[in-house]
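Dear colleague,

Please find below the structure that I am handing over to you. My notes on what was found in it follow directly after.

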Amino acid sequence: MPKVYLSEKQKDISRLSENLKLIQGTKDCRQMGSIIGVCAATYQKRKKNPESLTYEEIKRLCDYFHIDIAAFCGSKLKIQ
């Protein structure tokens with residue numbers, strides 16, 4: 001079976017998705033939606049398509065969880 005290579009965009013989307021799941025932890029969609037200023041249904045959409053997160057939503061997430069925006073967007077987060 002041939003190897004599958006992800007494009008840069010696919011890698012970015014995958015990294016955002018993993019980081020979002022990591023910081024969500026045990027919080028439900030209603031709580032996460034409240035943090036970024038949207039309803040639970042909109043958060044669900046953002047979770048499915050993390051590339052649709054706006055800068056303001058990312059900023060709110062990072063401020064709430066005390067994460068550097070560049071780290072959230074550019075690298076895989078680790079729990080400490």
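A salt bridge is taken here as a side-chain nitrogen of Lys or Arg within 4 Å of a carboxyl oxygen of Asp or Glu. The model is predicted, so local features need pLDDT of at least 70 and side-chain atom pairs count only at pLDDT 80 or more, whereas totals for chains, interfaces and linings use all residues. Residues are numbered from 1 along each chain as its sequence is written, and side-chain values use heavy atoms, with hydrogens and water left out.

Helix 1

Helices are DSSP runs (H or I, at least four residues), numbered from the N terminus. Helix 1 covers residues 8-24, and its 17 residues should span 24 Å at 1.5 Å a residue; the end C-alpha atoms are 24 Å apart, which agrees. The expected span is 1.5 Å times one less than the number of residues. After helix 1 comes Gly25, with a positive phi near 55°.

Among the buried residues of helix 1 are Leu16, Leu20 and Ile23, together with the polar Arg15 and Asn19. Buried means under 20% relative accessible area, exposed over 50%, and partly exposed in between (1.4 Å probe, protein chains only). The cover over the buried residues of helix 1 includes helix 2 (29-36), helix 3 (40-48), helix 4 (55-65) and helix 5 (69-74).

Arg15, in helix 1, has a side chain that makes a polar contact of 2.5 Å with that of Asp12. Leaving out residues up to four places away in sequence, Arg15 touches Cys73, Gly74, Ser75 and Lys76, where contact means heavy atoms within 4.5 Å.

Salt bridges

Glu18 and Lys76 form a salt bridge at 3.6 Å, N to O. Glu18 lies in helix 1 and Lys76 in the segment after helix 5, so this pair ties together parts that are 58 residues apart in sequence. Glu18 is partly exposed at 37% relative accessibility, while Lys76 is exposed at 57%.

Glu57 bridges to Arg46, with the closest N and O atoms 2.8 Å apart. Because Glu57 lies in helix 4 and Arg46 in helix 3, the pair ties together parts that are 11 residues apart in sequence. Both partners are buried: Glu57 has 5% relative accessibility and Arg46 has 16%. Beyond its neighbours within four places in sequence, Glu57 is in contact with Ile36, Val38, Arg46 and Ser52.

Glu56 and Arg60 meet in a salt bridge at 3.4 Å, N to O. Both lie in helix 4, 4 residues apart, about one turn of the helix.

Cysteines and aromatic rings

With a disulfide defined as a pair of cysteine sulfur atoms within 2.5 Å, the count comes to 0. For Cys29, the nearest cysteine sulfur is that of Cys39, 10 Å away. Cys29 is buried at 16% relative accessibility, and Cys39 is partly exposed at 45%.

Rings of Phe, Tyr and Trp (its six-membered ring) pair if their centres lie within 6.5 Å; planes under 30 degrees apart count as stacked, over 60 as edge-to-face and the rest as tilted. The whole structure has 1 aromatic pair. Tyr64 and Phe65 form it edge-to-face, at 4.9 Å centre to centre and 80° between the planes.

With kind regards

Definitions and conventions. Helix = DSSP H or I, 4+ residues; strand = E, 2+ residues; numbered from the N terminus. Polar contact = N/O pair within 3.5 Å; in protein donor to acceptor, adjacent residues only side chain to side chain.
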